[in-house]
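Please read these points with the model open beside you. They go through one chain, the contact between the two chains, and a few places elsewhere.

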Amino acid sequence: MDLLANLSLGFSQAISLQNLAYCFIGALYGTVIGVLPGIGPVVGISILLPITFSLPPVSAVIMLAGIYYGSAYGGSTTSILVNTPGEASAVVTCFDGYQMAIQGRAKAALATAAIGSFFAGTFATVAIMLLAMPIARLGLKFTPAEYFSLLLLALTMVGTLATESPVKGLFATLVGLLLSTVGMDLQTGRVRFAFGSPWLIEGIDFIVVAIGLFAISEILVQAEKIKKYGLQKREQISGRYWITREELKQSFMPYVRGTVIGFLVGVLPGAGSTPATFFSYAVEKKVSKHPETFGKGAIEGVAGPESANNAANQGALVPLLTLGIPGSATTAIMLGAFMIYGIQPGPLLFEKDPAFVWTIIASMYIGNIILLILNLPLVNIFAKLLDLPAALLYSMVLAFCTVGVYSIRFAVFDVFLMIIFGIVGYFMRKHDYPAAPLLLALVLGEMMEQGLRRALTLSNGDWSVFVTRPISLGLLTVTFLSVTYSFVKVLRKRSLNH
Amino acid sequence: MKETEKRKTLFHFDCIVALASIPIALFLIHNEYNTPNPSIQQTLGPSFMPIAILIALILSAPLLFFSSLRTERKSGDDAPLPAEPPSKTSAEQYKVMGMVVLGLVVYAVILTPAGFIISTTLLIAWQTQLFEKGKWVRNLVVSVLFSVGVYYLFVHVLKVMLPAGILAL
């Protein structure tokens, strides 16, 4: 009954006019960045962050969450109509979604994607509710030693498991950690790696790095492509019916399976929503009685992965809210934002400010309803965004990036830093170095260092504290196993190829 | 086939990254080591973490180096050469990207003296021109409207100060 009391408390705040408005703005903006190719939630949230500093924290977080799960809705529209995924997690939707559009079934594809996203978003939020309290309670037992081990686990999983090359993932993680040490040390006030720059004494802002690595590099990639391909045409949304009863029936079980798969994959750090969509697609093909229709416009191939995508996004919020540990680039940005607003997500937040947490959770139910409306009857309006000339789109994005970076602390220095990270990000993309581990390490680095130092201060310099406490030992064992596994996997793949 | 081609160009880049990271890391360790620490008694001082990360970086550099060598040898075994042209970035493409970066650098330099509206108008006009030649009237109109609109939004609605520059006079 605790749960219902908390939830009604959350709803009572979430339905205030102001919070509803921010929820709507977040969902709307999220859909837009989802639809626009090349601009994902990382960039969308980063650009917007500086102007949210003055908002009340609850409204700001409701809006960010709306952007976060809203972008998962919009991504499918682009996949279905243009065959270009708006985000990596919408790649799978292209397989059958675009085929459906060519066959004149664009409406059914869009509808099943939106309904599946709604289904998954809603039920995954229920799962968050059920899981949040037990995990937060477990988190209360954590000492700095456990936190350090948990952060190490999150970083290694993102760095090594989710990438093609664990060595490159490791490299990116280490560079991110190194960048996090730049600036003044919190405990002693000593300055590290500032090289006399007053701006570096304050440290390197993760927003600058995020916009550089994710947005500026994307614009460079687009600049490179434009000479080669030119612009793409989109399929039209035609037909009278959105979705037939038969199609909805075919979609239902994929929704359920996609939601379960997505949520489970999403809760784990490192995996993220993209593998969840591939996994769901594979499962749907396997259980289907007509696997030969996959890739030729099978509605299950849209319904499953789209549900998995949204469920994975919601699942990733579980470790973020309950333990304060993000498992992906987007949730890392959100953690950074939380800290700017003066909120430390984690077990204590559930104890100290339940109204805050439950308002956010309640707003997710509302946000998903808003998104269903935005993405079903109003999808035509968003599809028009795809007709925007790429030249104008990317130039405006660029301008938003610069103004966003500049307004963090009114420093031209940061604009230069953004350009440098943009160039670095471009080469990282070209040569398969993952950007997400770098960003995650930058955001988590300081927490990790503080955890390490506090743990050792508490143990009077005894390093065995990390292996004598059972939870910490368990986390470190999993860390070790995941690193070993990812390296063995690569080595085995190599020897098979020989 | 395409994969092999990609691997081949990868080889140089990864080796350069691996080799360059060692002296840079050594320099940073040296730099950190020679910075005087405050006299506060601490179990782990502020130097520990950066130096540990840098040592890990140095240790992983050979891993990166050898993993790129192995993929290189493998692609060398794959004969005959692919028929399709390699997807290498052409000089012209690098030029366009260079121009994008140049536009950004000029923007950063003139932002404070010239002000937000002028520099942003120039930036957008420049970028749209790079992405889509011709149509410069449309592009210019969009740039001006966009810059003025964003300036108004930030300064008057969101109360975020942006440099006014020479237009303030």
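1. Among contacts in chain B between residues at least 6 apart in sequence, 68% join residues at least 24 apart; two residues are in contact if their C-beta atoms, placed from the backbone, lie within 7 Å. This is a predicted model, in which local features need pLDDT of at least 70 and side-chain atom pairs count only at pLDDT 80 or more, while totals for chains, interfaces and linings use all residues. Residues are numbered from 1 along each chain as its sequence is written, and chains are lettered from A and ligands numbered from 1 in the order in which they are written.

2. Chain B has five helices and zero strands. Helices (H or I, at least four residues) and strands (E, at least two) are DSSP runs, numbered from the N terminus.

3. Helix α3 of chain B (residues 91–114) has 24 residues and reaches 33 Å from first C-alpha to last, close to the 34 Å expected; the expected span is 1.5 Å times one less than the number of residues. α3(B) bends by about 30 degrees at Ala108(B), the bend being the angle between axes fitted to the seven residues ending there and the seven starting there. Ala108(B) is also one of the buried residues of α3(B), which include Met97(B), Gly103(B) and Leu111(B). Just after the helix, Gly115(B) takes a positive phi of about 95 degrees.

4. The contact between the chains takes 52 residues from chain B and 50 residues from chain A. On the chain B side, α1 (2–33), α2 (48–77), α3, α4 (116–131) and α5 (136–157) each supply at least two residues. That side divides into 35 nonpolar, 11 polar and six charged residues. Here Ala, Val, Leu, Ile, Met, Phe, Trp, Tyr, Cys and Pro count as nonpolar, Asp, Glu, Lys and Arg as charged, and the others, Gly among them, as polar.

5. What surrounds Ala210(A), and is Ala210(A) buried or exposed? Ala210(A) lies in helix α10 (residues 206–229) of chain A. Ala210(A) is buried because 30 other C-beta atoms lie within 10 Å. Leaving aside neighbours within four places in sequence, Ala210(A) is in contact with Val42(A), Ser46(A), Ile333(A) and Leu439(A). The C-alpha atoms of Ala210(A) and Ile45(A), 165 residues apart along the chain, are separated by 9.8 Å.

How values were computed
Buried ≥ 20, exposed ≤ 12 C-beta atoms within 10 Å, placed from the backbone.
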